[in-house]
Amino acid sequence: MLGVALRRLAWIPPVLLVTSVAVFALPRLLGGEVTRSVIRARSASSTPDPAVEERLNRELGLDRPVVTQYLDWLGGALRGDLGTSFTTRSPVGPAVLEAAGVSAVLAALALALALAVGVPLGALAAGRPEGAADRATRWGGAVALAVPEFVLGPVLVLVVAVGLGWLPALGWGSPAQAVLPVLTLAAFPAALAARLVRAETAEVLGHASVRTARAKGLSPRRTLLVHVVPRALTSVTAGAGPFLGGTLGGAVVVEVVFAVPGLGRLLAEAVEDRDLPVIQAGLVVVVAVALLAALATELAQLAADPRLRS
Amino acid sequence: MIRSVRSLVLALAALLILAGCGTTAPADQGVRVALQFPPRAGYAFDADDGGLLTKLGVAEPLVGLDPQGSAVPGLATSWAREGDGRTWRFVLREGVVFHDGARLDSGAVVTALTSVLSRPTPPRSIADLGMRVEADGPGAVRVSTDAPDPVLPLRLSSGTTSVLSPAAYAAASSSGGQPSPQDTGTGPLRMTEIRGTQGATLLRHDGYWGPRAASSQVTVDYVTEPQTRELALRSGDVGFAEGLPETSRASLQADPDVTFSEYPSARTVLLQLNGSAAPFDDVRVRRAVTAALDRTALADQVLGGSAAPAADLFGPAVPYGMTTPPPDGDVPAAQALLAEAGYGPANPLRVRLWTFPNRPELPVLASAIAAQLEPAGIAVDITVGDYAAQEPELLAGRYDMFINSRSYLSDFPDPAGVLDSDYTCDGSYNIDRFCDPAFDATVAGLGALSDPAQRAEVFRAAAATLTANAVNVPLVHPQNTAAQRGVTGFTPDPLDLRPVLPTLAPTD
């Protein structure tokens, strides 16, 4: 397994290098004139003087050949300097890392909650088909899968924050402020995990190995915990990686609805303002995180299912 | 298994309850507000963030504004034009203390204005004037421009020309950054904590030269999503919120715990027409579009009353704006004008309408306009896209119709700059491609007019010329909204240029 990890890790730098070209080129393909967009972002002015545009173009370094701009940016990135934001004129690195940290906490809490709720519910539902837990999981899951975050978030706020007054409606920084965004983000993966585990568990329960374990006198609970659930978790593990990778890159809807200062919100604003250094740095972080999440998923699957190691 | 799930549910419920315990705000925490627009450039003065600092009550310029938009004393108590009219002398207020304890003098003003003037992109209010600032003793400054400027005091009412403590500029100079407003302003509220674009904490500045802030503390949250601002207000998270969703207008008005304010904004939503190419190079076609549209229906029905119908470029937010409603839609008149221009069943007119979604009302208006123009014989294809990508095409005259939302005041209460950039032959934002030397001469004449009443007359005449030529169709003037819950003291400012937060206070 160590060999697999090292081989996959060795691939990450070249993939990131290739990605860096795309990351550098993509924002420039968005259309519009960057300098005018930056002026608009700074001053809401639609009428910049051409001389002002020229001065700013020079200040931002956009008057240089694109290849020179790319090499400068790449060199800076390799030294840990991701540049300066066109709009805030502050270093990009700390801002992106801070936002990524917020998104990481949000994603990790949501994933943990989704697994903590979804896996036991799925196993319980599979253990007693058509029982109360199974029906609740099926119907509740259908609702959680169907209701989008931009609906669920405000509904939770209306009920829990406005109606009951238990929790704050917005912001980030205290445990109380994290609850509603985490619940909103966790609903979909929790429902998905419950469904996957239920289906996988039902299938594994029919295997000869499970019947053998029961015949040897193992209790139903122990059979479920030791022989069934770990095998049923394979598909959940496979889904957790992309979820984590995607959410670490920013849960834009949840971050906007709850005013959470995460990477998704930062990137959305940067795209609107054509803040190239922020877009570039943000995308690099997103890609790196996605690669690492994919690696972690693969390792987790290898650990859970020895057959895959061959 | 059942027991473990039960434990889990109980643990979650406990977490919810415990988390909720931490949300009750202590009584002495002052006021918490949800504002619509975060700082875009780290509170830089060469960006609109200077205006934001004025709104917060943190920083102040030399000149203040009264509710009508006239210049009143600010950090300067008086001003007068000197000699050839290119120089103004401003006498500074005595006893002004910065939040860091330094005293305001002419050196501080020179440092502040020179700093912002030396930026690659100085603020619109003072850019490209050849402005110079020099001290005239410790208690006065002289401000000169290359050409006589009749509205210089109004320009210096812009928040982008606010004055921070010299320490802020010294720190910026040594760090290579920009001056920070943290503990360096002169306003009634002192910015003690900056949380990026998430918020800020303001405390009352007890050494303020004017009326003290009504609340000991104001916690600012920048919330870009309208629905989140509304829910934060309803849940009691904040006591004041601005820019509320149009769909919540009625319920907020009906809520006995909420004081809802609706007031005009200095903004017009325009249907811009490309006057440099067929079909809109023909004034009859432009007039046909104007005649076919029912702007009252657009404001009252399509936008649910969240905007006022526009009769001309300027609206009720300014004294020279037209307050009478526009004429109702007249489809037969529009059809007659189109027939005169050679369009009809045999030669149908089909055009493309562009707009952008950043302001949610624009795509909605686009659909309504297409529906209103169809009976007149104009078929409209709609494209909703990214403004930044559309702008070069618009400025190059490669479009038919475009719905734009335009503020006609920039950093200070005078629309001469917008008339110049948007409607003169060489204007840098002349999307309508309107060019009339007589109009240009009218706008150029503003350079010699300092009397506000005379300037207002010119603004009225300019707007009338644009209407007569059907240069574009002013559709609606959006209404601003704000609401208070457990908070008093909000005064609507249609100009959006005056301090808002210093007068807010908790009701108990």
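These legends walk you through close-up views of a predicted model. Residues are numbered from 1 along each chain as its sequence is written, and chains are lettered from A in the order in which they are written. Local features need pLDDT of at least 70 and side-chain atom pairs count only at pLDDT 80 or more, while totals for chains, interfaces and linings use all residues.

**View 1. Where chain A meets chain B.** Here 52 residues of chain A are in contact with 45 residues of chain B (C-beta atoms, placed from the backbone, within 7 Å). Elements giving two or more residues to this side of chain A include helix H2 (34–43), helix H5 (92–127) and helix H8 (175–205) of chain A; helices are DSSP runs of H or I with at least four residues, strands are runs of E with at least two, and both are numbered from the N terminus. H5(A) gives the most, with seven residues.

**View 2. Strand S1 (residues 31–35) of chain B, tucked inside.** Five of the five residues of this strand are buried, so S1(B) is largely enclosed by the rest of the structure. Buried means 20 or more other C-beta atoms within 10 Å of the residue's own, with C-beta atoms placed from the backbone. Val31(B), Val33(B) and Leu35(B) point one way, and Arg32(B) and Ala34(B) the other way.

**View 3. The partners of S1(B).** Strands pair if DSSP finds at least two bridges between them. S1(B) runs parallel to strand S10 (residues 217–222) of chain B over five bridges, where Leu35(B) partners Tyr222(B). Two bridges join S1(B) to strand S11 (residues 240–242) of chain B, also in parallel, and Ala34(B) has Ala241(B) as its bridge partner there.

How values were computed:
Two residues are in contact if their C-beta atoms, placed from the backbone, lie within 7 Å. A residue is buried if 20 or more other C-beta atoms lie within 10 Å of its own, exposed if 12 or fewer, and partly exposed in between; C-beta atoms are placed from the backbone.
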